[in-house]
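Biologist: I'd like to understand the words you use for this model. Can we go through them one by one?

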Amino acid sequence: MSIIAFIPARGGSKGVPQKNIKLLAGKPLIAWSIEQALASKLIDRVVVSTDCPEIAKVAQAYGAEVPFLRPDSISGDKATTESAMLHCCDYLEERNELPELFILVQATSPLRSENQFDNAILAFKKSNYDSLLTVSRSHRFTWKNSLSPSASYDYMNRPRRQDIKEEDQEYLETGSFYITKTKLLRQSKNRLVGKVGMFEVPEDESYEIDSLVDFKVCEEIFKLKNNIE
């Protein structure tokens, strides 16, 4: 089964300029995801899609393929990640290089345990999923609709964490990575399709980097997990 790890990395981040190549624990942010994917025994190729020559240069320096620069039409603030995924699929199909599995890897979620990609791929195959997302257990009680508030739990009978039944346990979508059968990705134009599986990761790996505060928090966690001074 051929497998590609696909890392989208636009150059136009507004919250943190050039976020994808900003240094995190001594390396460009995107480098951590590239190296983790390259370390996988089951992933065949690591492809980065970017509209920025500088990001492309950094990605190639850390071992990723950057076979094209992403067109402006799918590189703006309103462009979806799926549009970049499908563009890559079209590029690969033209060269008869379409993989069976397509793994979307988010560079903004660099906290991943060793062998996490391979463990997720094995779980995907074992359960014959069509798509899979990473999640972490949520221990928070959530509410929605400020005009007519409703809770995710029975606040008249507030449960203790240890008493929550497995079927009532809520999970946070971490955004770290997604696995999709390429054929179904192209048919549905969505990263999640068909029989969806969840791959649970530790809470400290659920952080996504969208701000300078996120950078500082993730960097400290990263240093602790990897014994970096």
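Biologist: How do the residues of the lining of the largest pocket divide into nonpolar, polar and charged?

Modeller: They divide into six nonpolar, eight polar and seven charged. Ala, Val, Leu, Ile, Met, Phe, Trp, Tyr, Cys and Pro count as nonpolar, Asp, Glu, Lys and Arg as charged, and the others, Gly among them, as polar. Bear in mind that this is a predicted model, where local features need pLDDT of at least 70 and side-chain atom pairs count only at pLDDT 80 or more, while totals for chains, interfaces and linings use all residues. Residues are numbered from 1 along each chain as its sequence is written, and side-chain values use heavy atoms, leaving out hydrogens and water.

Biologist: What makes something a pocket?

Modeller: On a 1 Å grid over the protein atoms alone, a pocket is an open set of points where a 1.4 Å probe fits, with protein on both sides within 12 Å along at least five of seven lines; lining residues have an atom within 4 Å of a point. The second largest pocket has 18 lining residues, with Gln36, Arg112, Ser113, Glu114 and Asn115 nearest its centre. Helices H1 (29-38), H4 (116-126) and H6 (212-226) each give two or more residues to that lining.

Biologist: Which residues in H4 are called buried, and why?

Modeller: Gln116, Phe117, Asp118, Ala120, Ile121 and Phe124 are buried, so each has under 20% relative accessible area (1.4 Å probe, protein chains only). Their cover includes H1 and strands S1 (3-8) and S5 (101-105).

Biologist: What comes just after H4?

Modeller: Asn128, with a positive phi of about 55°.

Conventions
Helices (H or I, at least four residues) and strands (E, at least two) are DSSP runs, numbered from the N terminus. Buried means under 20% relative accessible area, exposed over 50%, partly exposed in between (1.4 Å probe, protein chains only). Contact means heavy atoms within 4.5 Å.
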